[in-house]
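Reader: I have a sequence and a structure to look at. Could you take me through them with questions and answers?

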Amino acid sequence: MAERQIPERLSPLEPVFHPGSHGNFEHGVDVILTETRPGSILQLAAWPGEEKRLIEAIRKVTGLALPDGAGGGVADGAKAVFGFAPGKFTVADAAEGLAAAFAKVVTPAIGTVTDLSHGRTAIRIAGPKAEWVLAKFFAIDFALPAFPIGAGRSTTHHDVFAQIQRTGADQFDIYVFRSFARSFWKALCHASDEVGYEVQ
Amino acid sequence: MLITCPYCGPRDVIEFTYQGDGNRERPQPNSQDLDAWNAYVYDRLNPAGDHNEIWQHSGGCRTHLRMVRNTLTHEISSTGFARGDHNAAARHKAGGKS
């Protein structure tokens, strides 16, 4: 019997992913675009009334303590979690296998675990003009007091869903549908043209 | 026009979808009362003023919202989650699972 091969992970951005500096970068690069390629991206949902138990399960599995409040979140570099709807959370981890870990803890009485690792693409935009570029895409307030570090927002760009987590003072991770990721990436590159951007 | 989602905060109206009149009361699924079904499907208050409405934040957190919108001024005087109101409770009861 033939040995099973582990499938190679391919990026949907590959044909349009060109590392290097682009656009109007003569005066410096104001935005850095990267694909973070987390090994696991999950959506967790609690049944009504089970939210606290789900938050406790997230703490148990990831070690991340979710802050109170709508859209609250936290990221530690390797793992990230944020609320994107009442009782619903997105969790990402650089390592694979997060779904299996959650499946043991999030019992059917608490809620559901949906593995979106292959269904979403995570794009990071960082730099002094990141807020400014994103403000061209999304009609939400990107200022630090309104959108604190760790917090998540769910919104749309031209009817394409995007979940955005602020992972630094001038850094945002954007989760988009994998099938729309290339188009979104190209739009993001065009929007970053005028400030000068680097793809890493 | 901005609508303040109770979860997401103020967002552009383009993120929201109108889900219909919030005054309707759905008859029990096995109801034979044709007048009640007729009223549920067709009768609308159509007020010039405050109107109870169901909306969905379809381009955001995707929750269903109960809102009061003034049909003359578009002023939205209240928004809240549709879940937990008396209609949601009735739906659970009708389903017989909770």
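Author: Buried residues make up 39% of the 200 residues in chain A; a residue is buried if 20 or more other C-beta atoms, placed from the backbone, lie within 10 Å of its own, exposed if 12 or fewer, and partly exposed in between. This is a predicted model, in which local features need pLDDT of at least 70 and side-chain atom pairs count only at pLDDT 80 or more, while totals for chains, interfaces and linings use all residues. Residues are numbered from 1 along each chain as its sequence is written, and chains are lettered from A and ligands numbered from 1 in the order in which they are written.

Reader: How many helices and strands are in chain A?
Author: Helices (H or I, at least four residues) and strands (E, at least two) are DSSP runs, numbered from the N terminus. By that count chain A has 4 helices and 12 strands.

Reader: What is the radius of gyration of chain A?
Author: The radius is taken over C-alpha atoms, and the globule rule is 2.2 Å times the number of residues to the power 0.38. For 200 residues the rule gives 16 Å, and chain A comes close to it, so chain A is as compact as a globular protein of that length. The radius of gyration of chain A is 17 Å.

Reader: Which elements give two or more residues to the side of domain 1 of chain A that touches domain 2 of chain A?
Author: Chain A is divided into domain 1 (17–37 + 120–200) and domain 2 (39–116), with bounds from an automatic or database domain assignment. The contact takes 12 residues from domain 1 of chain A and 14 residues from domain 2 of chain A, two residues being in contact if their C-beta atoms, placed from the backbone, lie within 7 Å. On the domain 1 side, the elements giving two or more residues are strand 8 (120–126), strand 9 (152–157), strand 10 (160–168) and strand 11 (171–177) of chain A.

Reader: Within what arc do the buried residues of helix 1 of chain A fall?
Author: In helix 1 of chain A, L54(A), I55(A), A57(A), I58(A), V61(A) and T62(A) are buried. Seen down the helix axis, they line one face of helix 1 of chain A, because the directions from the axis to their C-beta atoms fall within an arc of 155°.

Reader: What covers the buried residues of helix 1 of chain A?
Author: The cover includes helix 2 (98–105) of chain A. It also includes strand 3 (40–46), strand 5 (79–85), strand 6 (88–93) and strand 7 (111–115) of chain A.

Reader: Is A122(A) buried or exposed?
Author: A122(A) lies in strand 8 of chain A. Leaving out residues up to four places away in sequence, A122(A) touches E35(A), T36(A), R37(A), P38(A), I41(A), A92(A), D173(A) and Y175(A). Because A122(A) has 20 C-beta neighbours inside 10 Å, A122(A) counts as buried.

Reader: How far apart in space are A122(A) and P38(A)?
Author: In sequence, A122(A) and P38(A) are 84 residues apart. In space, C-alpha to C-alpha, the distance between A122(A) and P38(A) is 7.2 Å.

Reader: How many residues of chain B are in contact with chain A?
Author: Chain A gives 11 residues to this contact. The number from chain B is 11.
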